[in-house]
Each structure stands twice: as C-alpha cells, then as structure tokens.
Amino acid sequence: MYLSFFNLTCKPFDLVPNPEFIFLSKTHKKAITYLDYGIRERAGFVLLTGEVGSGKTTIIRELINKHLERVVLAKVFNTNVNTSQLLSMINDDFELPVQGKDKIELLRDLNHFLVEQYGKGNQPLLIIDEAQNLPPETLEEIRMLSNLETSDSKLLQIILVGQPELRTLLAKPELRQLRQRISIQCNLHPLNRQETEEYIFHRLQVAGNRDALSFAARALDLIFIYSCGIPRLINVFCDFLLLAAFAEGVRDVNEELTRDIAGDLDFDNHYWAGELPATVDSTSIAPADALHPGSFWSENRIEELFTKLSKRLEIHEKETLSAAQAPLNELNQRLEQLENSFTIQLNRANAAVATLNSKIEEMPYNLPVTQESPDKNIVLKPGLIRRIFG
C-alpha cells in the first residue's frame with residue numbers, strides 16, 4: 001500500500017520471521033555463535049530462551065538456512081501434545097512411518113534411524129520450539145532420548161527453544177537430570193536504545209530504502225520506551241508509523257506522531273498490561289521523559305515499582321545477613337573453644353608452678369656435705385634451687 005510512496009521493495013516491518021531481515025545485536029550474535037558451536041561439537045542439549053517476539057524463531061530459521069554439513073533436521077513447533085504425539089511428530093519430520101504405531105514402536109523406529117544415520121556419518125538434530133508448554137513428564141521423556149549414544153558421541157542433538165518460563169520449568173527438582181545435561185544455554189535480551197535505532201534503519205535498508213523515513217531523536221526514544229526493545233513490537237510500532245506517515249503524506253516522524261500511534265495501539269494495556277517482560281532492564285529506560293497520560297511510566301506505576309524494589313531489597317538484605325551470619329557464628333564458636341582451651345592450660349600451668357613453689361619453700365637452705373666434716377656446709381640459695389628445679 002505504501003511501498004511505492006517510500007520507494008520500498010517489500011514491507012520492512014512484517015511480523016513473519018524472515019532470516020533475510022535478521023539483525024545481529026550483541027545478544028543475538030552470541031546466541032547464533034553458541035548454537036552453531038553446540039551443533040558442530042555435538043554438545044547434547046542446547047537451551048535457547050527469550051521473551052515473546054525477541055527473535056528466537058528468526059534465529060532458528062537462520063540456523064536452518066545455514067545448511068550445516070551432514071545435519072539431518074527435525075523440527076517441532078507444536079508442543080501442546082502428549083508424549084506419544086510428540087514422538088509421532090519427531091518421527092514424521094525425520095520421514096519415518098508413524099501411522100498406527102504405539103509409543104514402543106515409535107521409539108524403536110527412532111532408535112534404528114539414529115543408529116543408521118550415525119553409520120552414514122550424519123548428525124540428526126531435533127529442534128523443539130515453544131518448549132515451555134511441555135509438561136515435566138514429557139521433558140523427562142525427551143531427556144531419555146538423549147541416552148541414545150555411542151561411546152564417543154550423542155546419536156541425537158536436541159535444541160530446546162522457549163520463553164523465559166522454560167528456565168523456571170527446568171529448575172524443578174524432578175528435572176534436575178535434564179538440567180544437568182544442558183551443555184550450552186543462551187538467553188536473548190531485548191535491544192537497547194542504540195540497537196533499537198540500528199534495527200529500524202537496518203530493516204528499512206534491507207527493504208530497499210534506508211532513508212524512507214526521517215526519525216526525530218525523541219521519536220526513536222519513545223519507540224524504544226513503548227516496545228521495551230522487543231523486535232516484534234518495534235515492527236508493530238514502525239509498520240503503523242509508516243502507514244500514518246503515508247496517510248499524512250509526510251516522511252518525517254516526530255514525537256507527536258509517535259505518541260498518537262502509541263495511543264491508537266493502546267500499547268501499554270494491549271501489549272504489557274502494566275508489566276515489563278522479565279528480561280527488560282528497566283534501568284535503561286528513562287521514565288522521567290515518559291510521564292504522560294496512559295504511559296507505562298505513570299506516577300502510580302512508578303510508585304508501585306519502587307514498592308516492589310524496596311521489598312526485593314529488604315528480602316535480599318535479609319538473605320545476605322543470613323548467609324553471612326552462619327560463618328560468623330562458626331568463627332565465634334571456634335574462638336570460644338580456643339579461649340576455653342587456653343584457660344584450662346593456663347590453670348594447669350599455674351597449679352604446677354604453685355606446687356613447685358611449695359616444694360621449694362619446704363626445702364632447707366643449708367645442706368651438710370659429709371658426716372666427717374659437719375662444719376663444712378654448702379649454702380644453697382633460693383635462686384640456685386629454682387635453677388635446679390627449673
């Protein structure tokens with residue numbers, strides 16, 4: 001609709017994950033490097049997490065498009081299934097027959113397939129997206145698949161992809177065996193303010209015209225504030241900005257137009273409902289510049305956030321004091337034991353000295369030398385006695 005007006009060859013802010021538009025922020029570049037390394041080194045389980053719309057699927061598609069050498073790939077994107085259904089989906093994507101087969105037959109077929117691929121020098125890879133929807137018992141079944149291995153390598157490489165809730169799920173005690181098998185893990189963080197600006201112009205450039213729109217600095221600030229750096233929400237915002245600019249016949253995006261779009265989309269209530277995603281660093285957002293009616297950073301919300309922060313600090317302080325108190329108590333006990341031991345030893349020494357002094361007092365000072373010469377006496381002075389019994 002607006003492509004010719006802005007001299008664009010395609011929609012720059014489409015919501016469909018497209019590897020051609022991939023923008024490698026610092027965190028996205030690290031995630032791709034980790035995933036690539038994990039696959040090439042056959043690292044067993046790999047975990048990729050990120051907020052909704054952070055670019056997980058785009059990264060996975062970028063990974064798939066790399067056509068890694070000798071990798072045989074199966075992808076599962078629907079995880080609202082039970083264990084047997086999941087196995088059927090895995091085998092079906094590996095192009096194995098699944099019709100009318102029970103769980104035992106599916107596992108046997110999968111095992112034979114993996115052994116066969118290993119013999120051919122291939123590397124089977126399973127990617128499970130939206131893994132946070134899997135129940136613990138299904139995740140445990142997936143762990144059992146990783147037991148299929150040779151003496152020097154895994155027969156099946158598994159990449160678990162999901163929202164931050166997946167990490168909470170994996171932290172459960174009953175999943176500790178699976179958690180311990182995750183060799184590589186990475187978490188996608190939202191874009192920062194500078195990356196948000198670079199992301200917008202990167203997509204415009206890929207779509208054919210980097211200068212299709214001219215953004216005021218304050219407009220870019222507001223896009224970042226409202227979207228919290230989530231790529232999908234940046235796309236939503238900027239697509240409507242293009243449409244609004246086209247409707248008004250302008251190419252300049254200012255603060256007023258940006259606020260109007262935010263109001264039309266009801267961004268706060270529709271996308272956040274008053275809460276930031278857990279992965280967003282709220283310290284990187286400037287609330288003082290966004291105190292307007294309907295903003296996420298209203299005075300009541302700021303007060304609520306400060307209350308939550310105070311409670312967290314109080315809990316952290318108590319936990320810190322509790323953690324520090326244990327070694328202090330132990331140190332005090334040891335010092336007390338040393339003091340008691342020293343007191344006992346000191347009392348024993350004082351008793352020995354007192355006994356020795358009493359013996360010295362009972363001894364005569366003048367001792368006869370012989371009967372033959374009684375008048376020849378040796379005079380023993382107290383100092384000499386003390387040196388003898390020293």
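Which residues point one way from β1, and which the other way? Phe 45, Leu 47 and Thr 49 point one way, while Val 46, Leu 48 and Gly 50 point the other way, and all are buried. The close-ups below take up this strand and several other spots. This is a predicted model, in which local features need pLDDT of at least 70 and side-chain atom pairs count only at pLDDT 80 or more, while totals for chains, interfaces and linings use all residues. Residues are numbered from 1 along each chain as its sequence is written, and side-chain values use heavy atoms, with hydrogens and water left out.

View 1. β1 is mostly covered, with six of its six residues buried. Here buried means under 20% relative accessible area, exposed over 50%, and partly exposed in between (1.4 Å probe, protein chains only). Helices (H or I, at least four residues) and strands (E, at least two) are DSSP runs, numbered from the N terminus. β1 runs parallel to β4, joined by five bridges, and Val 46 stands opposite Ile 159 in β4. β1 also runs parallel to β5, joined by six bridges; look for Gly 50 opposite Leu 188 in β5. Two strands pair if DSSP finds at least two bridges between them.

**View 2. Helix α2 and what covers it.** In α2 (residues 56–65), the buried residues are Lys 56, Thr 58, Ile 59, Ile 60 and Leu 63. Their cover includes the helix α1 (26–40) and the strands β1 (45–50), β3 (123–128), β4 (157–162) and β5 (182–188).

View 3. Not counting residues up to four places away in sequence, Phe 6 touches Asn 209, Ala 212, Leu 213, Leu 242, Ala 245, Phe 246, Val 250 and Arg 251, where contact means heavy atoms within 4.5 Å. Phe 6 is buried, with a relative accessible area of 0%, whereas Phe 5 is partly exposed at 24%. Ring pairs link Tyr 2, Phe 5, Phe 6 and Phe 246 into a cluster. Arg 251 lies over the face of Phe 5, at 4.8 Å from the ring centre; a charge sits over a ring if NZ of Lys or CZ of Arg is within 6 Å of the ring centre and within 35 degrees of the ring normal.

**View 4. Two of the aromatic pairs.** The structure holds seven aromatic pairs. The rings of Phe 5 and Phe 6 have centres 4.8 Å apart and planes at 90 degrees, so this pair is edge-to-face. Tyr 226 and Phe 237 form a tilted pair, 6.1 Å centre to centre with 40 degrees between the planes. Tyr 226 lies in helix α9 and Phe 237 in helix α10, so the pair ties together parts that are 11 residues apart in sequence. Both Tyr 226 and Phe 237 are buried. Rings of Phe, Tyr and Trp (its six-membered ring) pair if their centres lie within 6.5 Å; planes under 30 degrees apart count as stacked, over 60 as edge-to-face and the rest as tilted.
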